[in-house]
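Okay, thanks for making time, everyone.

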Amino acid sequence: QIFNQHNAEAPNLEQAFHRMAQMEPNLDHDVSWFLLPSYWAKMVVALISFLCFANSYDGDFVFDDSEAIINNKDLRAETPLGDLWYHDFWGSKLSSNTSHKSYRPLTVLTFRINYLFAGGFYPVGFHVVNIILHCTISVLMVDVFSILLGGLQFSNKGRRLNLAPKSSLLAALLFAVHPVHTECVAGIVGRADLLCALFFLLSFLGYCKAFRENKEGHTFSVFWVLVSVILGAIAMLCKEQGITILGLNAVFDALVINKINLLELIRKLLYKDKSLENAGLLRKGLLFRITLLMCGGAGILYIRWRIMGTGPPAFTEVDNPASFADNLFVRAINYNYYYSLNAWLLLCPWWLCFDWSMGCIPLIKSVSDWRIIALAALWFCLIGLICQALCSEDSHKRRILTLGLGFLIIPFLPASNLFFRVGFVIAERVIYLPSIGYCILFTYGFSLLSKQAKKKKILAVAVLGILLINVMRCVLRSSQWRSEEQLFRSALSVCPLNAKVHYNVGKNLADKGNQSAAIKYYREAVRLNPKYVHAMNNLGNILKERNELHEAEELLSLAVQIQPDFAAAWMNLGIVQNSLRRFEEAEQSYWTAIKHRKKYPDCYYNLGRLYADLNRHIDALNAWRNATVLKPEHSLAWNNMIILLDNTGNLAQAEAVGREALELIPNDHSLMFSLANVLGKSQKYKESEALFLKAIKANPNAASYHGNLAVLYHRWGNLDLAKKHYEVSLKLDPMAPGTKENYNLLRRKLEQLQKKGG
């Protein structure tokens, strides 16, 4: 459906579109920059954006990638596709009180497609898609900036004209090479921001298409306005920030399409001027379009609220300490300080960190804190820009500054803590969209300097230098995102007070087997944040493995005291108490863990071990059976059941359990070994031999596998084969218990047979 404009007092919008370039000064006139054809400009932007982040293509899964991808059951084929619409970004049910409430089903769907095409969790494909998305977005930015900086005008044939080719190229390059984007591109979880930005821009470009002249000469197309709303909804299904494009489309419509002077409009509203209908706001077309945008936005938000099910997510004080401050003044001061730090990251993206929480930025609690200067500087600049955007007599300047501020501020609002508490202090990924506004303001500032400068080439060289430095910083930062070790260590110099940084460095070292170094970082994490229960839990685990049981117990007891529903800490406390032979306390700790986490197979497994130590065999078997019901691939629980039944003489039951386990985990060599032992005792030698050989093929360096196969051959009467495998076993482990004695018995028997034969 196409609507005509029938306001006799208002100028025809269609004619206004075609006269726009002549009515307003051209920004490119003052910009000393390269002029390239549109196709080549886009090629240059694509190439440079690719070079910035290409070295991240073969990086690992790092930081949040583990939870969002590797541990996310929604990526696996066995999870119905429909579940994606009822789960959060991390795979939890949205209706759950523990859900993060981040609703991004389309992003998760792309992860799932990546997983299916790769045939597993291979990060290369995930990284390549992110790089391609950023390159695509950067290319689209050429068109977006040409509209934002040069205005919207179409040729007689309906093709949109680029009225600011030099400025739009510069702004697009600034966006493409901004180092703050590294987290979105090199971190796979940043896919949410990239997809959101893609559909955000498509929504804006679709809205601009609504004003293209058609054959009937109508002023705008309802179809393209609705397409823009739908694309905005898709952007929000990729990440929540996407909804803000509807507000920006309305701002663009008012400023660029209808050329509303905001200050003049405010004055007329305040004084109830009768000429208000001529100000542009009450024009039928504008009101209708804004109504469509508002209705679409309200409908999208309502559906989102209904799907979310419960209230907002519950974050902790360490995630966002300012939001938990009792004093309203302290909250306001710190929120504004966070805004100034975000602005600084756009201006000088040198100090970048994967996480800014947990003491990285201490709270401002007094006006005597020198950091108040940052707030003053931020608001001095913002107020100055707002005054210029409202009061300048130059309509071109008013429009560009207002659009720049709009694209800087409006996409940032969901992360501002103004409407709801967010789960971070600063997150570089949320600046991806607001950086559009920064690039507009930077480019406009460059044009003003060029206008005043006598030596414009020096200014152009300086901007080229900034671009080159940013490219180098992107390459360096991308390399840091390639592995967790580099990423976590890079944060130590930026946020030395961040307990989570030390925790993650320690965890990475522990995963690599360097326990001594890990202990040092875990202790520092606990020192920086004495309530950091996860650091206490991991440190307690390492101390437990090093047999430092009393300190481990102290740490784990403190962890569950601080967070009584911390199931993993309760289980680990139970393991320590079991090792200290305090069996009743250990049993109580295990059951407390299960109370707080009903489906906890590892805890049932450890509970079974406790019962086995107490010779409560039936209870042990029941606990291990519960573990395998909750986690059918729990090999240790299956193995312990087989071994316990074998040791207690229940060979038939042990065989049945072993066969059941191998049906579920057919390639587990430890299960093959355990079942082979049972079959050997049941004199099913042929089948036992086959399983032993299969287990040895899977794990040829296991001395016990060769030793027990030798025992089987010994019983079976295949003495030469028995001798061979005894020797292999002793070669692999000269101290293997019982093997040397059995081998000596076999040698004596062979010697006796030789004497008889002689």
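So, a question to start: which residues are exposed on the other side of H30? What you're looking at is a predicted model.

The protein chain has 33 helices and 2 strands. Along the principal axes, its C-alpha atoms fill a box of roughly 120 × 55 × 50 Å. There are 758 residues in the chain, and buried ones make up 54% of them. If you take the contacts with a separation of 6 or more, 67% come from residues 24 or more positions apart.

Back to H30. This helix covers residues 685–698, so to speak 14 residues, and from first C-alpha to last it reaches 20 Å, close to the 20 Å expected at 1.5 Å a residue. Its buried residues are Tyr685, Ser688, Glu689, Leu691, Phe692, Ala695 and Ile696. Those cover an arc of only 165° around the axis, so they sit on the same side of H30. And on the other side, here's what I asked about: Lys686 and Lys697 are exposed. As for the partners, the buried residues of H30 pack against helices H28 (651–664), H29 (669–681), H31 (703–716) and H32 (719–732).

While we're there, click on Val711, which lies in helix H31. Val711 has 22% relative accessibility, which is why it counts as partly exposed. Leaving aside neighbours within four places in sequence, Val711 is in contact with Tyr726 and Asn742. Leu746 is 35 residues from Val711 in sequence, and the two are 9.8 Å apart in space, C-alpha to C-alpha.

Take 499–532: the span is 79% helix and 0% strand, with its end C-alpha atoms 8 Å apart. And 533–566? That stretch is 79% helix and 0% strand, and its end C-alpha atoms lie 8 Å apart.

Let's jump to the other end of the sequence numbering and do H2. Helix H2 runs over residues 38–53, and at 1.5 Å a residue its 16 residues should span 22 Å; the end C-alpha atoms are 23 Å apart, which agrees. Which residues of H2 are buried? Ala41, Val45, Ser49, Cys52 and Phe53. Their arc around the axis is only 80°, so they're on the same side of H2. Tyr39, Trp40 and Leu47 are exposed on the other side. The cover over the buried residues of H2 includes helices H5 (123–150), H6 (165–176), H7 (182–186) and H17 (456–480).

In soluble globular proteins, nonpolar side chains tend to be buried together. Here, the largest nonpolar core has 220 residues, and the members touching the most others are Phe145, Leu148, Phe204, Phe252 and Ile436. Domain 1 (212–308) and domain 2 (329–453) both contribute residues to this core, so it lies between them. Zoom in on Leu148: not counting residues up to four places away in sequence, Leu148 touches Phe204, Phe252, Arg399, Ile400, Leu403, Phe407, Ile436 and Ile440. There's also a second, separate core of 13 residues, with Ala68, Ile69, Val189 and Ala192 among them.

That's my tour, so over to you.

Note on methods. Residues are numbered from 1 along each chain as its sequence is written. This is a predicted model: local features need pLDDT of at least 70, side-chain atom pairs count only at pLDDT 80 or more; totals for chains, interfaces and linings use all residues. Side-chain values use heavy atoms; hydrogens and water are left out. A nonpolar core is a set of buried Ala, Val, Leu, Ile, Met, Phe, Trp, Tyr and Cys residues joined through side-chain atoms within 4.5 Å. Buried means under 20% relative accessible area, exposed over 50%, partly exposed in between (1.4 Å probe, protein chains only). Domain bounds come from an automatic or database domain assignment. Contact means heavy atoms within 4.5 Å. Helices (H or I, at least four residues) and strands (E, at least two) are DSSP runs, numbered from the N terminus. The expected span of a helix is 1.5 Å times one less than its number of residues. The arc is that of the directions from the helix axis to the C-beta atoms.
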